Every structure is written in structure tokens, then in C-alpha cells.
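Hi,

Here is the structure I promised to pass on to you.

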Amino acid sequence: MTVLSPGNAVLELMRNATSRVVIVAPYIKSATIRRLLDATPDTVSEWDCITRWLPEDIVSGVCDLEIFDDITKIAGGRLLVHPHLHAKYYSNGHETLVGSANLTSRGLGWYTPSNVELLVALPVDFPGLADWESALLSSAVEATEQLREQIRIQAAQLKQTRPMYCPPEVEDEPGEEEAGVLWVPQCPTPERLWEVYQGRGVETMVESAFEAAQDDLLALSPPRGLTEDLFTAYVAGILRQMPLLIEIDRLASTGLTDTKAQELLFDCLRGGTEGIDVYAQIWRIVKRWVVHFFPESYRLETSQEVLVKGREIPRR
């Protein structure tokens, strides 16, 4: 049994499929399911997807009607509906993932801030899994164009009568044009972020730093009313989930030089015609954030600065 990063784990599961895929998630977004479909080999001839597809899910934006076309247009693609579904289960016939992650950008860690989710890898012959899958498939209803239209009408009516409806597990999605944008910290003084969060700093900070802090807070979306300790924990929690920070953490175990880090940023941010100075500046800011929010884990060594991850000292 292995605990895995949700987004990478699901994509890898799709890439390793040979003939059959089963996807089970209450909330599924069209852009996300298309990404999985693109990763699936042409040898797959059965593609079963089970979701909730309730009108309130459509109104709240946690699920899309378009997934019907996304799935049924491929060979062997079938969308099924189970109104009481809450499980998250992914299988390619050889491996299985179970846990909490829905098929949304936030659920899979592909948008910042993402949800804190968990997927665990289990062998396909794990006791009870096959029976559970069979029982679910037999109790689900196959989606049709008529059912989709019925849900569309009900969602429109619900939106008119309850325009502020919001389910308990809302997972707002960015627009498709925003989905590929990778956020990185912009404020060069992360120790001032708390001050800006409190509504202060406009008169004591350099204007560009203050505006950058505001942009960072907009991306991080911290809830209002946090204490300073909770605010710090919130930001640190989001940073820990970022694929970029996960890779930095791995490389820093043996010492991450400025040059290597700038190359990493160039690759992760899909570097274009910008000069290396752009990535040098981004790295200077990222380093400050990492050291500020994880003081027990990282230190900077002199000369060409090297970010080093050491033994974490537990807080008292």
C-alpha cells in the first residue's frame, strides 16, 4: 500500500492502462477528464466512468454536463450515474487508487490553492475491491442524451429558485484559459504577507512589494479571520502541495544551487524568450518564501547560495 500525489498518480494510472479503465468520482470537470482521456493508450477498449451528476452539482460548478460528450465520443466510453456516490476510485485493471480526490483541478493539485487530498495505491486483487466495483456498476444508471437534457433543465430551474446554492464540498474551477497558469510567489518580503493580510502595509511597504503581496494573497485565497499561526500554517500547507515545491524539496536534500534552481524554474514555468535574469529573480523570491515558511527544514549556505534541506526540528 502506497500513498501517492493525486494528480500524478491518476495520470500514471491512465498511462499504464491496457484494455480497461474504471473512474469513480462524485465531481468531475470536463477539462480534467479530457486530460485523463488524452493520457489513456489507444489499446483501452472499455472506459467506464461513474459520477453523481446531480442538478445541484451542475449549478455549483463542481461537475459539468459536457463530460457526457467527452466520455461517450471515445471507443468503449460509458458514463454512469449514481446519485448517492461519495467514493473516489480509479482502476486500470492492474492497479487501483482509492482516497479522497475528485476529478477536478483543485482535487488533483493542478490549481493553486488546491485541496488537501489523499490517494492510496492498492493491488487490484485487494480483498473486496472487485466485489465493490461490480456492485457499484450494477447499481448505477447509464447516462443518455435524454438524461443530460433533463439534468440541464432541472439545473436551470434550481439556479433560478436558489441562486446562492452551494454544496458542502464546493471545488470552484478556474476558466480553461487559467488552468495552465502556474502560480509562484511574487512578494519579495514574505514576512510582510501577514501584515497585508490584516489590511496594513500600504504606507510602510514599497508599492511594488505591496501589490505583489496582494496578488499572492489573491492566489492563495486564505480564509478571513485567521490568527498569525493559522495563517502561516495555511500558506505553508499550500506550498507543500505545489508540484514545484515538491521538486525543490527533493533536490534540496542534496543541496540545490542557484543555477540548478533557475533551470528547474525555466522548465516548470515553460520558459520562453525571457532572459535568465527573470528566473534568477523568481528563485530569489521562492528561496525567501521557503526559508520563511519552513525555518525548521531549510537553510541557505553562502557563496553561490545553496538551499539545503536538513533534519526538521519539531516545534515545541
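Predicted model: local features only at pLDDT ≥ 70, side-chain atom pairs only at ≥ 80, totals over all residues.

**The chain as a whole**

The protein chain has 316 residues, and 45% of them are buried. Its secondary structure comes to twelve helices and eleven strands. If we take the contacts between residues at least 6 apart in sequence, 72% of them link residues at least 24 apart.

The part I would open next is an open sheet of three strands, which is antiparallel and has the order 9-11-10.

How do the strands pair up? Strand 11 (residues 306-309) meets strand 9 (residues 256-257) in the antiparallel sense, through two bridges. In this pairing, threonine 257 is opposite valine 306 of strand 11. Strand 10 (residues 298-301) also runs antiparallel to strand 11, and four bridges join the two. Here tyrosine 298 sits opposite lysine 309 of strand 11.

When you look at the side chains, remember that in a regular strand they alternate between the two faces of the sheet.

There is a helix to look at here too: helix 10 (residues 243-252) lies across strand 9, strand 10 and strand 11. The angle between helix 10 and strand 11 is about 85°.

**Arginine 148**

The other spot I wanted to show you is arginine 148, which belongs to helix 6 (residues 145-161). Is arginine 148 buried or exposed? Its relative accessibility is 14%, and because the cut-off for buried is under 20%, arginine 148 counts as buried.

What does the side chain of arginine 148 pair with? It makes a polar contact of 2.9 Å with the side chain of aspartate 69. Leaving aside residues up to four places away in sequence, arginine 148 touches Asp69 along with Trp53, Leu65 and Phe68.

I would be glad to hear what you think once you have had a look around.

Best wishes

Definitions and conventions: Residues numbered from 1 in each chain as written. Heavy atoms only, no water. Buried < 20%, exposed > 50% of the residue type's maximum accessible area, 1.4 Å probe, protein only. Contact = heavy atoms within 4.5 Å. Pairing = 2+ DSSP bridges. Polar contact = N/O pair within 3.5 Å; in protein donor to acceptor, adjacent residues only side chain to side chain. Axes fitted to C-alpha atoms, helices over the stretch in contact; angles between N-to-C directions.
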